[in-house]
Amino acid sequence: MSVSDIIWRPDPEAASRTRIARFMRRHGLPTLEALQRRSVEDLEWYWDAVSRDLGWVWTQPYERVVDLSRGIEWPRWFPGGRMNLTANCVDKHLPARGGEPAIISEAESGEVRTLSYAQLGVEVARLANALARLGVGAGDTVGVFLPMTQEAAVAILACTRIGAAYVPCFSGFGAQAVATRLASCEAKVLITADAFSRRGNAIPLKRTADEAVAACPSIRHVIVHRRTGASVPWTEGRDMWWHEAVAGEPAECAALAVEADHPALVIYTSGTTGTPKGTVLTHGGFGMKNAHDWAYVFDMDERARMFWVTDLGWLMGPMLITGTLLVGGTVVLFEGTPDYPKPD
């Protein structure tokens, strides 16, 4: 791509209204090049300024931005600070945006469901409490094998709320691919669904999940969202319906304050050239960079809606949900394929 391929540029007035332009004015930086230069030359200034500009909520303030005493390959980000990713995605917005849509999910059937920020907070709290009751806590891992529905967003936010890391699995994976990821991180719980529709065909997700769990002895519980009402195999004492698991749980759950480098999720490579490799992403690192890009690259704010054609098992899925909620926008999720029943 060359400069001549660029078919549109914002006029100066439009450019001046962007979040990154306001950030530059606030810090006396006349050009984008000046901002880029200072962000590289003064790393601590830049990420401190970003944290403040984004209104990041710290339960305990950090002592400094980054500690490189162990070498640049082993940084400690925001040492001394404590926070929670879910609190920054949900709780932070409740006073001003509690009644506004946080997630809109659509299925191939045309069914549309909406969760406000307040409703999302309640659903996350109930599932977080249910996970805690099952023995899930800080440092544990939870597999999430769901289609792109509002339940997928609730599941990942519930995990990070109590300090557990989630492992997103592509909803089209076979059992062996799911098992490899769950076994690698020794997941304690798997959250899945009975089935869902893709190109008009019923995908028996629970059946695949059962095959995967059979090869993963660390899984103690399987939480199943009743998405379609399809008949599914069942293991008493291990399997439980989502709606039954959360039925008696309180609508509030305190977000666990963790260090910025506390694990939030483990995302795996595709495995096409060898064994899938897991990368640990953290509350502060994943959250701050995600919010940064949504705010300054996509210029998103509370008025915007974001839709990305993806699945939870690819990093774009967690990025879509997390980044949009961090800036107070509305996440749009589509369950299935966007070319069904026709590309239009």
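Predicted model: local features only at pLDDT ≥ 70, side-chain atom pairs only at ≥ 80, totals over all residues.
Residues are numbered from 1 along each chain as its sequence is written, and side-chain values use heavy atoms, with hydrogens and water left out.

Helices (H or I, at least four residues) and strands (E, at least two) are DSSP runs numbered from the N terminus. The buried positions are Leu-205, Lys-206, Thr-208, Ala-209, Asp-210, Ala-212 and Val-213, and they pack against helix 9 (175-184), strand 8 (189-193), strand 9 (196-198), strand 10 (201-203), strand 11 (221-225) and strand 12 (239-241), contact being taken as heavy atoms within 4.5 Å.

An open sheet of mixed pairing is formed by 4 strands in the order 5-4-17-16, where two strands pair if DSSP finds at least two bridges between them. Strand 5 (112-116) and strand 16 (305-307) each have a single partner strand and stand at the edges, so one side of each lacks a neighbour in the sheet. From one strand to the next, the twist averages 20°. Strand 4 (residues 101-107) runs antiparallel to strand 5 and is joined to it by 5 bridges, and Glu-106 has Val-112 in strand 5 as its bridge partner. Helix 7 (residues 117-133) packs on this sheet, touching strand 4 and strand 5, and its direction makes about 85° with that of strand 5; angles run from 0 to 180 degrees between N-to-C directions, and axes are lines fitted to C-alpha atoms, for helices over the stretch in contact.

Helix 7 also packs with helix 8 (residues 150-161), at an angle of about 60° and with the axes 8 Å apart, which makes helix 7 oblique to helix 8. Angles under 35 degrees count as roughly parallel, over 145 as roughly antiparallel, 65 to 115 as roughly perpendicular and the rest as oblique. Helix 7 contributes Leu-120, Glu-123, Val-124, Leu-127, Ala-128 and Leu-131 to the contact, and helix 8 contributes Val-154, Ala-155, Leu-157, Ala-158, Cys-159 and Arg-161.

The axes of helix 3 (residues 32-41) and helix 4 (residues 43-53) come within 5 Å and cross at roughly 110°, which makes helix 3 roughly perpendicular to helix 4.

Terms used:
Buried < 20%, exposed > 50% of the residue type's maximum accessible area, 1.4 Å probe, protein only.
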